[in-house]
Amino acid sequence: MALVLRQGETGHAAAGGLFKSYPGRRSHCSSRKGLIPLMQNGTAAERAPVPVLNRAEDLLARYDVLFCDVWGVVHDGFKALPAADDALNKFRRAGGTVILVSNAPVPNHQVAAMLDSRKLSRTAWDAIVSSGDIALTHLRDQSYRQVYTIGPRDRDAALFEAVPARFSSLEDADAILCSGLDDDIHETAESYLPILEQARARDLPFVCANPDLVVDVGGRLYLCAGAIADLYAHLGGDVYWAGKPYISAYGSAHGLAEKLRDASIAKERILGIGDAVRTDLKAAEIFGVDALFIAGGIHREDTMSDGVICRDRLDGLLHGASPNAVAAMPFLAW
């Protein structure tokens with residue numbers, strides 16, 4: 001459900017769009033149909049409108065593996081979505097493998113515990129890849145001995161307790177590990193500018209354990225680790241992005257799926273499912289797999305009215321410059 005900047009897009013430019021108010025809710029959808037203009041090599045081309053489905057059974061039958069987003073697809077922030085739970089269970093019973101892919105800056109067991117608390121059945125998924133896991137793996141692979149941390153120790157205790165390095169001052173650190181803002185109510189990314197400037201002077205690598213720029217919690221937007229990482233990148237700093245839309249997320253999920261199935265998995269047999277254009281659809285585009293867009297998540301006000309996808313709104317969101325999807329659904333359902 002969270003959003004991040006696109007590859008090559010600055011966080012400040014992205015935030016300018018994210019913090020705009022949504023348009024007023026319309027009472028009905030336009031019936032406009034047709035092709036969406038798309039620029040290719042400087043010339044006008046056309047992209048067919050994304051098909052809208054109410055049932056995913058036939059689509060899912062084309063794939064062996066699902067890379068499924070969590071917030072906005074399988075739960076709404078408070079409770080599991082029964083139709084999504086049912087769809088994932090039926091996909092697995094038909095022989096499919098479900099990898100949940102989350103930008104949460106904590107290890108996968110913490111994500112599993114959260115899903116348990118929201119009553120998502122354990123039979124709905126095979127494994128979880130989290131940004132926290134990816135960040136920890138990177139720290140181990142780089143053999144950092146001492147790290148300086150940014151982020152709330154209490155909220156993200158599961159991440160910090162698993163760090164394979166000693167915590168240190170900025171002056172002694174080999175790298176920075178960031179899970180978020182220490183105080184995401186009163187601080188901004190610029191609050192960390194003095195720290196980032198010192199780190200840049202030492203050419204410290206910055207490990208971002210959550211590439212999201214902002215997250216929507218109950219209609220309120222909170223800055224995430226990605227906002228600080230983006231500012232460091234603007235200073236010329238070296239940032240490792242642990243999660244969607246970057247290759248680290250779906251690459252990790254692919255390796256895990258092949259291990260679980262004990263077989264090579266062609267990318268055309270993988271479907272990414274998510275509700276965020278900037279994270280989920282972009283991750284699928286970068287990794288080279290198909291994507292199913294769930295409109296009822298973070299983009300619900302952009303794409304839906306009275307629980308129905310509006311054709312013109314969907315076309316406006318998934319325009320020629322945006323990542324594409326093979327289909328869209330209001331909510332994931334079998």
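**Briefing on the predicted model**

The model described here is predicted. Six strands form an open sheet in the order β5-β4-β3-β13-β14-β17, and their pairing is parallel. The edge positions belong to β5 (127-130) and β17 (327-329), each of which pairs on one side only. From one strand to the next, the twist averages 25 degrees.

**Strand pairing within the sheet**

- Strands of a sheet pair through backbone hydrogen bonds, in either a parallel or an antiparallel manner.
- Strand β13 (residues 270-274) is paired with strand β14 (residues 290-294) in the parallel sense, over 4 bridges.
- Within this pairing, G274 has F293 of β14 as its bridge partner.

**Helices on the sheet**

- Helix α4 (residues 108-117) packs on the sheet, where it touches β4 (97-102) and β5.
- The direction of α4 makes about 115 degrees with that of β5.
- Helix α10 (residues 277-287) lies across β3 (65-68), β13 and β14.
- Relative to β14, helix α10 runs at about 170 degrees.

**Cysteines**

- A disulfide is a covalent bond between the sulfur atoms of two cysteines.
- A search of the whole structure finds 0 disulfides.
- C178 is in no disulfide, and its nearest cysteine sulfur, that of C208, is 5.9 Å away.
- C178 counts as buried because its relative accessibility is 0%, the cut-off for buried being under 20%.
- For C224, the closest cysteine sulfur is also in C208; the distance of 8.9 Å is too far for a bond, since a disulfide requires sulfur atoms within 2.5 Å.
- C224 likewise counts as buried, because its relative accessibility is 6%.

**Largest pocket**

- The largest pocket holds about 780 Å³ of space.
- Its lining consists of 31 residues.
- Lying nearest the centre of this pocket are W71, A104, P105, N210 and V215.
- At least two lining residues are supplied by each of α4, β10 (214-217), β11 (220-223) and α10.
- Helix α4 gives the largest share of the lining, 3 residues.

Key
Residues are numbered from 1 along each chain as its sequence is written. This is a predicted model: local features need pLDDT of at least 70, side-chain atom pairs count only at pLDDT 80 or more; totals for chains, interfaces and linings use all residues. Side-chain values use heavy atoms; hydrogens and water are left out. Two strands pair if DSSP finds at least two bridges between them. Axes are lines fitted to C-alpha atoms, for helices over the stretch in contact, and angles run from 0 to 180 degrees between N-to-C directions. Contact means heavy atoms within 4.5 Å. Buried means under 20% relative accessible area, exposed over 50%, partly exposed in between (1.4 Å probe, protein chains only). On a 1 Å grid over the protein atoms alone, a cavity is a set of points where a 1.4 Å probe fits but cannot get out, and a pocket is an open set with protein on both sides within 12 Å along at least five of seven lines; lining residues have an atom within 4 Å of a point. Grid points are joined across faces, edges and corners, and a volume is the space filled by probe spheres set on the points.
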